[in-house]
Amino acid sequence: MGWLFPARCAGCGSLGAVWCAACEAETAVLHAPVCGHCGYPLQDPQAECLGCQGRHFAFTQARAWGVYGGALRRAILKLKHKRNRQLGAVLSQHMAASLPPRWGVELVVPVPLSVRRQAQRGYNPVDLLASPLAERLDLPLAQALLRQRDTRPQMDLQVEQRWANVHGAFVGQPAVAGRRVLLVDDIVTTGATAHAAARALRAAGATSVYVLALARTL
Ligand SMILES: [Zn+2]
Ligand SMILES: [Zn+2]
């Protein structure tokens, strides 16, 4: 249908591509040194950031491609409101490039929506990233997490409330048993969601869980 509706950039609205070169250039890409746990950018290479001190995450490491803001924020909001597979595919290329090869992941698992929200929306925006990412990495994709209860949007909550909001929200499926899992989300903020999801995957037998997101809030 591209010939009927010319592509419009999800970041700035300009015509020509779903994600334009200007928006790409504007995005602050996260580079080392970053916190060894959560991927938060650091001035000096240290073991962990202040936010991670004293925390024990169920995932081994988390990384994201870019800083959540500006054009990237607008593109992520577009994915939440429109099932734009082309946009997901383009942005997932950056996620693939941000994946540390040493992780040695074997299976891609998207962070799911609740059953209710999935039914309302008709699709999970994270799948628009996770599905082309799995294809690019030549890894199987498994819908191996379920949300067993509704949670409030993490963005609406204060940092400390976010941990309680998602605690015990997920259940892992047997498909992850004995596997090194790549957990995929669109945005990582405190790591609370990733932690709760990783905990469920580990409980279902995953040997380790690594987290890859498109964006990270600072
Ligand atoms: Zn643009
Ligand atoms: Zn950290």
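Reply: The notes below treat the metal site and then a helix. This is a predicted model, in which local features need pLDDT of at least 70, side-chain atom pairs count only at pLDDT 80 or more, and totals for chains, interfaces and linings use all residues. Residues are numbered from 1 along each chain as its sequence is written, chains are lettered from A and ligands numbered from 1 in the order in which they are written, and side-chain values use heavy atoms, with hydrogens and water left out.

Me: Which residues coordinate the zinc ion (ligand 2)?
Reply: Cys 35, Cys 38, Cys 49 and Cys 52 do, each through SG, at 2.2 to 2.4 Å. Donors are N, O and S atoms within 2.8 Å of the metal (3.2 Å for Na, K and Ca); water is not among the atoms, so sites may look incomplete.

Me: What is the spacing of the donor residues in sequence?
Reply: The pattern is C-x2-C-x10-C-x2-C. Cys 35 and Cys 52, 17 residues apart, both lie in the loop between α1 (21–26) and β1 (61–67). Helices (H or I, at least four residues) and strands (E, at least two) are DSSP runs, numbered from the N terminus.

Me: Is Cys 35 buried or exposed?
Reply: Cys 35 is buried, at 0% relative accessible area, and Cys 52 is buried at 1%. Buried means under 20% relative accessible area, exposed over 50%, partly exposed in between (1.4 Å probe, protein chains only).

Me: Changing topic, how many residues of α7 are buried?
Reply: Nine of the 12 are, so α7 is largely enclosed by the rest of the structure. Among them are His 195 and Leu 201.

Me: What comes just after α7?
Reply: Gly 205 has a positive phi of about 110° there.
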